[in-house]
Amino acid sequence: MIDLYYYTSPNARKALMMLEEVGLPYRVQWVDITTGDQHEEAYARINPNGKIPALTDDDGPGGRPVVLFESGAILLYLAEKTGRLIPADPVERLNVIKWLFWQTSSQGPLLGQAAHFVSHASQRGIDVEYAVERYRNEARRLYGVLETQLAGQDFICGQFSIADIAAFPWVRVAKGQGVRIEDFPRVDQWCSTIAARPSARKKLDRDAATLAAAKTGYYDDATWTKLFGSTAGRSPTAASPQQQGLR
């Protein structure tokens, strides 16, 4: 049996979509990152990096159990296990892997930083103009890379693959990164196409509640520290810099 260690986030969404696409049975193990579950000793034995998602499979290669973390590794493992969503042709396969690595090394991390400084930090009264400008500009550059790659084809590598599953969950939250997806029409169409797939529409019982909480933009001091490992900024209930006469 496969266990997916999950909390509502773009990276975890990749693994959930992949499991739905390939049709393997799985169980969801919720890791509430707002309360610090990711730092518990039991979870550290699964993912010593203390992030989500992670995946365990009792029936790995040769019938041996496997423990995986990092979303790209999980996608590649499930593709190889099922022979799905990765080409058999060696050159085409390498092209998909190349774009998978682009997503995990560039698109995901940098869009995550854009979202942090554009959306999350501002809720704490943290306004670092250089960081906001840098990561918003980098986000737009990466959307431009994807826009160019999609010229003349419906999917990143021609056919729907793990490269698309990796990139899609980050693009669907473009607004929070300070990006107007409408400025990138091919990306916009690609995103809409994937959003219509059953795997993209899959909802878990706790997804709605966690997304609703995230949309409030409210992080108390304890939650902020657990999520971001920092005590910087003010409590959302504290006076604003303007009220304090600092700006």
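Why is strand E1 (residues 2-6) largely enclosed by the rest of the structure? Five of the five residues of E1 are buried, so the strand is largely enclosed by the rest of the structure; buried means under 20% relative accessible area, exposed over 50%, and partly exposed in between, with a 1.4 Å probe and protein chains only.

This is a predicted model, in which local features need pLDDT of at least 70, side-chain atom pairs count only at pLDDT 80 or more, and totals for chains, interfaces and linings use all residues. Residues are numbered from 1 along each chain as its sequence is written, and side-chain values use heavy atoms, with hydrogens and water left out.

**Overall layout**

The protein has ten helices and four strands, where helices (H or I, at least four residues) and strands (E, at least two) are DSSP runs numbered from the N terminus. Read along the sequence, these elements follow the pattern β-α-β-α-β-β-α-α-α-α-α-α-α-α. Of the 247 residues of the protein, 45% count as buried. Among the contacts (heavy atoms within 4.5 Å) with a separation of 6 or more, 66% are between residues 24 or more positions apart.

**The sheet around E1**

The four strands of an open sheet stand in the order E2-E1-E3-E4, with mixed pairing; two strands pair if DSSP finds at least two bridges between them. E2 and strand E4 (66-69) stand at the edges with a single partner strand each, so one side of each is left without a neighbour in the sheet. Neighbouring strands of this sheet are turned by 20 degrees against each other on average, direction ignored; axes are lines fitted to C-alpha atoms, for helices over the stretch in contact, and angles run from 0 to 180 degrees between N-to-C directions.

| Partner of E1 | Bridges | Direction |
|---|---|---|
| E2 (residues 26-30) | Five bridges | parallel |
| E3 (residues 54-57) | Four bridges | antiparallel |

Within these pairings, Tyr5 stands opposite Gln29 in E2 and opposite Ala54 in E3, while the bridge partner of Tyr6 in E2 is Trp30. Helix H1 packs on the sheet, where it touches E1, E2 and E3, and the direction of H1 makes about 150 degrees with that of E1.

In a regular strand the side chains alternate between the two faces of the sheet. In E1, Ile2, Leu4 and Tyr6 point one way and Asp3 and Tyr5 the other way, and all are buried. From E1 the chain crosses through H1 (residues 10-22) to E2, and this β-α-β crossover is right-handed, which applies if, with the strands pointing away from the viewer, the path from the first strand over the helix to the second runs clockwise.

**A buried glycine and the core**

Gly60 has its place in the loop between E3 and E4 and is buried, with a relative accessible area of 8%. Leaving aside residues up to four places away in sequence, Gly60 touches Pro65, Val66 and Tyr77. The C-alpha atoms of Gly60 and Ile2 are separated by 9.4 Å, although these residues are 58 residues apart along the chain.

The largest nonpolar core has 68 residues, of which Met18, Leu78, Ile156, Ile162, Val187 and Trp190 touch the most other members. Not counting residues up to four places away in sequence, Ile162 touches residues including Met18, Leu75, Val96 and Leu100.

**Confidence**

The mean pLDDT of the protein is 89, and 86% of its residues reach 70 or more. Over residues 235-247 pLDDT stays under 50. Where pLDDT is low, the predicted coordinates should not be read in detail.

Technical notes: Core = buried A, V, L, I, M, F, W, Y, C linked by side-chain atoms within 4.5 Å. pLDDT = per-residue confidence, 0-100.
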